[in-house]
Amino acid sequence: MGDTGCTLSTDEQVAIITKYIELRKNNEIDKLAEMIADELEFLGGRGEKFTTKAEVVEHLRNNKSSGTWNSTVWDTEKNCVRVDGTVGYKMLSVSIVAWFKLNADNKICFIQQGRK
């Protein structure tokens, strides 16, 4: 995903995604829904692909947050917000990463997550 029209500073974008991550940790899906654009690109770590807010919200409701997340940072290579984490899968710990972009309305319009 190229330029999304967001005019916020990188620090402001990181702050918004930090709030998203905190809400996600607490499974506060209704509050999360307010932060997500009506149309977006969501690429999940298990092959999920969604393009609407309704699909993403349903996915979030059906897949409770687990694991730990590190600090939210600006990824200069991908020009977006990045957060690394670890989730348990069976008896393994799996390192994961998620990238986020905001649109001109400061709503999340891109989420990609997967293994590191």
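Modeller: The model has an open sheet of six strands, in the order 2-1-6-5-4-3, with mixed pairing. Strands count as paired if DSSP finds at least two bridges between them. Helices (H or I, at least four residues) and strands (E, at least two) are DSSP runs, numbered from the N terminus.

Biologist: Which strands stand at the edges?

Modeller: Strand 2 (49–52) and strand 3 (68–75) do; each has a single partner strand, so one side of each has no neighbour in the sheet. From one strand to the next, the twist averages 20°.

Biologist: Before I go on, what sort of model is this?

Modeller: It is a predicted model, where local features need pLDDT of at least 70 and side-chain atom pairs count only at pLDDT 80 or more, while totals for chains, interfaces and linings use all residues. Residues are numbered from 1 along each chain as its sequence is written, and side-chain values use heavy atoms, with hydrogens and water left out.

Biologist: OK. How many bridges join strand 3 to strand 4?

Modeller: Six, and the two strands run antiparallel. T72 has V83 in strand 4 as its bridge partner. The hairpin of strand 3 and strand 4 has four residues between the strands, and N79 there takes a positive phi near 55°.

Biologist: How many aromatic pairs turn up in the whole structure?

Modeller: Two. In one of them, the rings of F42 and F50 have centres 5.4 Å apart and planes at 40°, so that pair is tilted. Rings of Phe, Tyr and Trp (its six-membered ring) pair if their centres lie within 6.5 Å; planes under 30 degrees apart are stacked, over 60 edge-to-face, and the rest tilted.

Biologist: And what sits over the ring of W99?

Modeller: The charged end of K78, 4.1 Å from the ring centre. The test is NZ of Lys or CZ of Arg within 6 Å of the ring centre and within 35 degrees of the ring normal.

Biologist: Now the core. Which residues touch the most other members?

Modeller: In the largest nonpolar core, which has 28 residues, they are I17, Y20, I21, V56, L60, F100 and I108. Among the elements that each supply at least two residues of this core are helix 1 (10–25), helix 3 (53–62) and strand 5 (92–102). Such a core is a set of buried Ala, Val, Leu, Ile, Met, Phe, Trp, Tyr and Cys residues joined through side-chain atoms within 4.5 Å.

Biologist: Where is I108 found?

Modeller: In strand 6, and I108 is buried, with a relative accessible area of 0%. Leaving out residues up to four places away in sequence, I108 touches I17, Y20, M35, I36, A37, L40, F100, K101 and L102; contact means heavy atoms within 4.5 Å.

Biologist: How does strand 6 run against strand 1?

Modeller: Parallel, with four bridges joining the two. E41 stands opposite F110 in strand 6.

Biologist: Last topic, helix 1. Which strands does helix 1 lie across?

Modeller: Strand 1, strand 3, strand 4, strand 5 and strand 6, running at about 160° to strand 3. Axes are lines fitted to C-alpha atoms, for helices over the stretch in contact, and angles run from 0 to 180 degrees between N-to-C directions.

Biologist: Is Q13 in that helix buried or exposed?

Modeller: Q13 lies in helix 1 and is buried, at 8% relative accessible area. E22, also in helix 1, is partly exposed at 38%.

Key
Buried < 20%, exposed > 50% of the residue type's maximum accessible area, 1.4 Å probe, protein only.
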